[in-house]
Amino acid sequence: MPGYAPDTHERASVAVDLAVLTVLDADLKVFLVKRAAQPFKNLWALPGGFVRCGRGARLGEDLAAAARRSLREATGLPNNVSRLAQLHTFGRSGRDPRGRTISVAWTALVPPDRAALIQSSDHAGWFSCAEEAPWMRLAFDHADILQAAIDRTRTDIEHTDLAFSLVPTTFTVGELRDVHEAVKGAKHDARNFRRRFQRLVEADRVEAAPGRRHLGRARPAKVWRFKHGLQ
């Protein structure tokens, strides 16, 4: 561009960080990776990375593409199996000792049947948001990012169809209640929740699915599915 000298302006790096959440065994969990290099070597962190830049007319990937790529690289999951939403921008000076880095954080919600396919290892795995992550020293300001993601998820589950992103394709009423309880960190009265679920049926947001689910010694439970396109 004539008259523009980019090297005369100070620049910051741009990164994406992902709070990857699921519900397993009625517990809200976050996917963390152990850093293999400095800074914060051997500390647990949210997956993510720098946004790839280019030159000339090709200026690299956009933020959503960087988030999808980082999620795919960290988990091996294809792009269409998680609910990905931009969360907040974190840009406090000094958050990254390597230099000025602005991070655009995202929340990725993974259904439990897909989350179970991600194998834990010494360098990556699922951790309880209630029992484990609060006591861990996370790299950078990732504890703040994780808390922001949890707070947003707790708010959105009351006003959106977010809960359907954290159950299998077909689910029982009890499994849906487990998701609400795991996210909110509080128990729901089973009778009141069933009345709430009935309102979803009457609003045509869920429908009965074929078959039943065997849960221990109890009677096989009826299964349901979310009517897609209503998000």
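**Stop 1: helix α1**

Select residues 63-75. This is helix α1, 13 residues in this predicted model. From first C-alpha to last, helix α1 reaches 18 Å, close to the 18 Å expected at 1.5 Å a residue. Now colour the buried residues of α1: Ala 66, Ala 67, Arg 69, Ser 70, Leu 71 and Thr 75. What do these buried residues pack against? Show β1, β2, β4 (48-50), β5 and β6, for they are the partners. Step just past the end of α1 to Gly 76, which takes a positive phi of about 80°.

**Stop 2: Leu 63**

Go back to Leu 63, in helix α1. Is Leu 63 buried, partly exposed or exposed? Its relative accessibility is 31%, so Leu 63 counts as partly exposed. Show its contacts beyond four places in sequence: Leu 63 touches Val 14, Val 16, Val 51, Val 104 and Trp 106. Draw a line from Leu 63 to Val 104, C-alpha to C-alpha. The two are 41 residues apart in sequence and 7.8 Å apart in space.

**Stop 3: the whole chain**

Zoom out. The protein has 5 helices and 9 strands. From the N terminus on, their order is β-β-β-β-α-β-β-α-β-α-α-α-β-β. Taken along the principal axes, the C-alpha atoms fill a box of roughly 70 × 40 × 25 Å. Of the 231 residues, 41% are buried. Consider contacts between residues at least 6 apart in sequence: 64% of them join residues at least 24 apart.

**Stop 4: two loops**

Select Asp 25, in the loop between β1 and β2. Asp 25 is not a glycine, yet its phi is positive, at about 55°. Its relative accessibility is 79%, so Asp 25 counts as exposed.

Move on to the loop between β2 and β3 (44-45), where Pro 39 is found. Look at the peptide bond from Gln 38 to Pro 39. This bond is cis, with omega near 0°. The loop between β2 and β3 also holds Asn 42. Asn 42 has a positive phi of about 70°, although it is not a glycine.

**Stop 5: helix α4**

Select residues 173-184, helix α4. The end C-alpha atoms of α4 are 17 Å apart, which agrees with the 16 Å that its 12 residues should span at 1.5 Å a residue. Colour its buried residues: Val 173, Leu 176, Val 179, His 180, Glu 181, Ala 182 and Val 183. These pack against β1, β2, α3, α5 and β9. After α4 comes Gly 185, whose phi is positive, near 70°.

**Stop 6: α4 against α5**

Show the side chains where they meet. From α4 come Val 173, Leu 176, Arg 177 and His 180. From α5 come Ala 190, Phe 193, Arg 194, Arg 196, Phe 197 and Leu 200. The residues of this contact divide into 6 nonpolar, 1 polar and 3 charged.

**Stop 7: the nonpolar cores**

Now look for the largest nonpolar core, which has 38 residues. Which members touch the most other members? Select Leu 28, Val 30, Leu 146, Phe 171, Leu 176, Val 179 and Phe 197. Elements that each supply at least two residues of this core include β1 (13-24), α3 (142-156), α4 and α5. Helix α4 gives the most, with 5 residues.

Centre on Val 179. Beyond four places in sequence, Val 179 touches Val 23, Ile 157, Ala 163, Leu 166 and Val 167.

**Stop 8: Arg 212**

Finish in strand β8, residues 206-213, and pick Arg 212. Is Arg 212 buried or exposed? At 55% relative accessibility, Arg 212 counts as exposed. Leaving aside neighbours within four places in sequence, Arg 212 is in contact with Pro 220, Ala 221, Lys 222 and Val 223. Last, draw a line from Arg 212 to Val 201. They are 11 residues apart along the chain, and their C-alpha atoms are separated by 17 Å.

Methods: Residues are numbered from 1 along each chain as its sequence is written. Side-chain values use heavy atoms; hydrogens and water are left out. Axes are lines fitted to C-alpha atoms, for helices over the stretch in contact, and angles run from 0 to 180 degrees between N-to-C directions. Helices (H or I, at least four residues) and strands (E, at least two) are DSSP runs, numbered from the N terminus. Contact means heavy atoms within 4.5 Å. Ala, Val, Leu, Ile, Met, Phe, Trp, Tyr, Cys and Pro count as nonpolar, Asp, Glu, Lys and Arg as charged, and the others, Gly among them, as polar. A nonpolar core is a set of buried Ala, Val, Leu, Ile, Met, Phe, Trp, Tyr and Cys residues joined through side-chain atoms within 4.5 Å. Buried means under 20% relative accessible area, exposed over 50%, partly exposed in between (1.4 Å probe, protein chains only). The expected span of a helix is 1.5 Å times one less than its number of residues.
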